Amino acid sequence: MQLLLILNTLLAACIIVSACKCVGSKDLTRACCRCGAGVIADSEDCPAWKIAQRLSNFANCCRELGAISDCPCPVGCVLAEKNPLRIAAGLKPLSEVEAKAIAESYLG
């Protein structure tokens, strides 16, 4: 029963967020889609399902270029993307609080 609830939640999230963009700029969206996620966007949006494992990269790229991503990166996304890099660099993993602050910073 719990598995069904999780699957329904994931499906709903996929339906809600079908594409991501750097708000206000097609060019930044294309650049961040290509560089931050390794995907080339054919339209003004970056397909969310293609960058699902790299949402924080995309959001961070938008932010560094002065825009805001319209696809939020959840805390789990931040932890999954940032902690392996931190550990490889000899740093301690992010805490949930630190990850939440990073995720919120992507939204402006």
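Buried means under 20% relative accessible area, exposed means over 50%, and partly exposed lies in between (1.4 Å probe, protein chains only). The views below come from a predicted model, where local features need pLDDT of at least 70, side-chain atom pairs count only at pLDDT 80 or more, and totals for chains, interfaces and linings use all residues. Residues are numbered from 1 along each chain as its sequence is written, and side-chain values use heavy atoms, with hydrogens and water left out.

**View A. Asp 45 and Lys 21 join in a salt bridge.** A salt bridge here is a side-chain nitrogen of Lys or Arg within 4 Å of a carboxyl oxygen of Asp or Glu; searching the whole structure turns up 2 of them. In this one, N and O are 3.9 Å apart. The pair links distant parts of the chain, 24 residues apart: Asp 45 sits in the loop between helix 2 (26-37) and strand 2 (46-47), and Lys 21 in the loop between strand 1 (19-20) and helix 2. Helices (H or I, at least four residues) and strands (E, at least two) are DSSP runs, numbered from the N terminus. Asp 45 is partly exposed at 22%, and Lys 21 is partly exposed at 29%.

**View B. Lys 100 meets Glu 104 within helix 5.** Their salt bridge spans 4.0 Å from N to O. Both residues belong to helix 5 (residues 96-105), 4 residues apart, or about one turn of the helix. Lys 100 is partly exposed at 46%, as is Glu 104 at 47%.

**View C. Arg 34 is found in helix 2.** With 44% relative accessibility, Arg 34 is partly exposed.
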